[in-house]
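Subject: Structure handover and notes

Dear colleague,

Please find below the structure I promised to pass on to you, followed by my notes on what came out of going through it.

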Amino acid sequence: MKSPEGKFSLQTSGLFYLGRQGQKKFFLSANDNGRIDRISLDESFSPPKFDVQVLHFEVASTAKFFAELAKMDFEDIVYDKVTNRILVSIEGNSDFVPPRRVSYQKTEGLYELEFNKTILDCDTLKKVKKIPLPEELFLYTNDNVTFEGFAITDNYIYLGLENITDVNSQFSDSTYLYIMDRNTRAIKKISSKLFNVRSITGLCAKDDLTLYGVDRESKKIFYIKFNPDFSIKEHKDKSFDLPMPQHPDFSMDKMTGVEAIAVDDEGNIYTDVDPWSDLYKPDLTPKALLSEEEKINITKLIPVLYKYKNPFQ
């Protein structure tokens, strides 16, 4: 995920497909390091041409607000055409370093951002505010474990808890998916055991009753079709591989996790990998087979965007 000029995404954990202009497809991306970008992909080039536009925060209206967060840990992102706002989920992180005493409960949740111009040409984000949500949504959240999956339709908000963890923050075998009616705020809670998923790290809603997601822990993409009462009508999943670009024999599994998913207007599925900068140390064992640029990309932990033909259609 690097432009010809050398600009690149960093720790990308959320994707949202905006649409296309000509040959270019546009996405919003959210990053764990507190950055929101608009990225584009032009597949008329070989390899496809990638570009990234950083959306800057307006100092007067956002700096003080974000200064109170222990970490600007953006996870998933959507553009809500109903309100003409960008919405992001932020994972709660505690900060007990003096003189700060910030708890993860204060910062976890959904946030709304206004922007200048239009969604396809804006460059500035402003007037951030936290969206009030029912307390029952936060019953199983934890420090650095909140809603890594977030999707929206005109009528519903989908929230995917990363995992149900114990008091020592150890992961379990399942989690919860929450569906909230945007008008009545009624909530449906569904155990991920019902659709064979261990974790939810990204979500994408195609319509009120069709949902795609990513299970990072089980390394698979999943699909759910709901009945009108949100009982599960059908669910499927598909394991994925993470080959290094131009080197299909090398896997990127050990350096990264999949934490984002988007579906374009043709039904293609896109995911990208979020390199674990605090855990991963680049291994250039196959360096003789890599170009100098590829070595730099690995060392800088530049994310990789993957496109899949939809296996669920």
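**A four-stranded sheet**

Four strands, in the order β13-β14-β15-β16, form an open sheet whose pairing is antiparallel, where two strands count as paired if DSSP finds at least two bridges between them, and where strands (E, at least two residues) and helices (H or I, at least four residues) are DSSP runs numbered from the N terminus. At the edges of this sheet are β13 (202-207) and β16 (232-239), each of which pairs on one side only. Its neighbouring strands are turned against each other by 15° on average, direction ignored, with axes taken as lines fitted to C-alpha atoms, for helices over the stretch in contact, and with angles running from 0 to 180 degrees between N-to-C directions. β13 is joined by 5 bridges to β14 (residues 210-215), the two running antiparallel, and C204 has Y212 in β14 as its bridge partner.

Before going further, please keep in mind that this is a predicted model, in which local features need pLDDT of at least 70 and side-chain atom pairs count only at pLDDT 80 or more, whereas totals for chains, interfaces and linings use all residues. Residues are numbered from 1 along each chain as its sequence is written, and side-chain values use heavy atoms, with hydrogens and water left out.

**The chain as a whole**

The chain has 3 helices and 21 strands, and 51% of its 313 residues are buried, buried meaning under 20% relative accessible area, exposed over 50% and partly exposed in between (1.4 Å probe, protein chains only). Of the contacts between residues at least 6 apart in sequence, 53% join residues at least 24 apart, a contact being heavy atoms within 4.5 Å.

Another open sheet has 8 strands in the order β1-β2-β3-β4-β8-β7-β6-β5, with mixed pairing. Its edge strands are β1 (12-21) and β5, each pairing on one side only, and its neighbouring strands are turned by 30° against each other on average, direction ignored. Within this part of the chain, β3 (residues 36-42) and β4 (residues 49-57) pair in the antiparallel sense over 7 bridges, with K49 in β4 as the bridge partner of D42. Helix α1 (residues 59-67) lies across β4, β5, β6, β7 and β8, and runs at about 45° to β8.

The largest nonpolar core has 19 residues, of which I36, I86 and V88 touch the most other members; such a core is a set of buried Ala, Val, Leu, Ile, Met, Phe, Trp, Tyr and Cys residues joined through side-chain atoms within 4.5 Å. Two or more residues of this core come from each of β2 (24-31), β5 (74-80), β6 (85-90), β7 (109-115) and β8 (124-130). Leaving aside neighbours within four places in sequence, the contacts of I86 include L28, L55, I77, L113 and L125.

**A covered strand**

In β11 (residues 176-181), 6 of 6 residues are buried. Both faces of β11 are covered, with Y176, Y178 and M180 on one side and L177, I179 and D181 on the other. β11 is joined by 5 bridges to β10 (residues 156-161), running antiparallel, and likewise by 5 bridges to β12 (residues 187-191), again antiparallel. β11 and β12 form a hairpin with 5 residues between them, and R185 in the turn has a positive phi of about 65°.

**D264 and K25**

D264, in the loop between β19 (256-263) and β20 (269-275), is buried with a relative accessible area of 0%, and K25, in strand β2, is buried at 3%. Their side chains make a polar contact (2.8 Å), that is, a pair of N or O atoms within 3.5 Å of which, within protein, one must be able to donate a hydrogen and the other to accept it, residues adjacent in sequence counting only if both atoms are side-chain atoms. The side chain of D264 also reaches the backbone nitrogen of E266 at 2.8 Å, while the side chain of K25 makes polar contacts with the side chains of E266 (3.3 Å) and Y270 (2.9 Å).

Best regards
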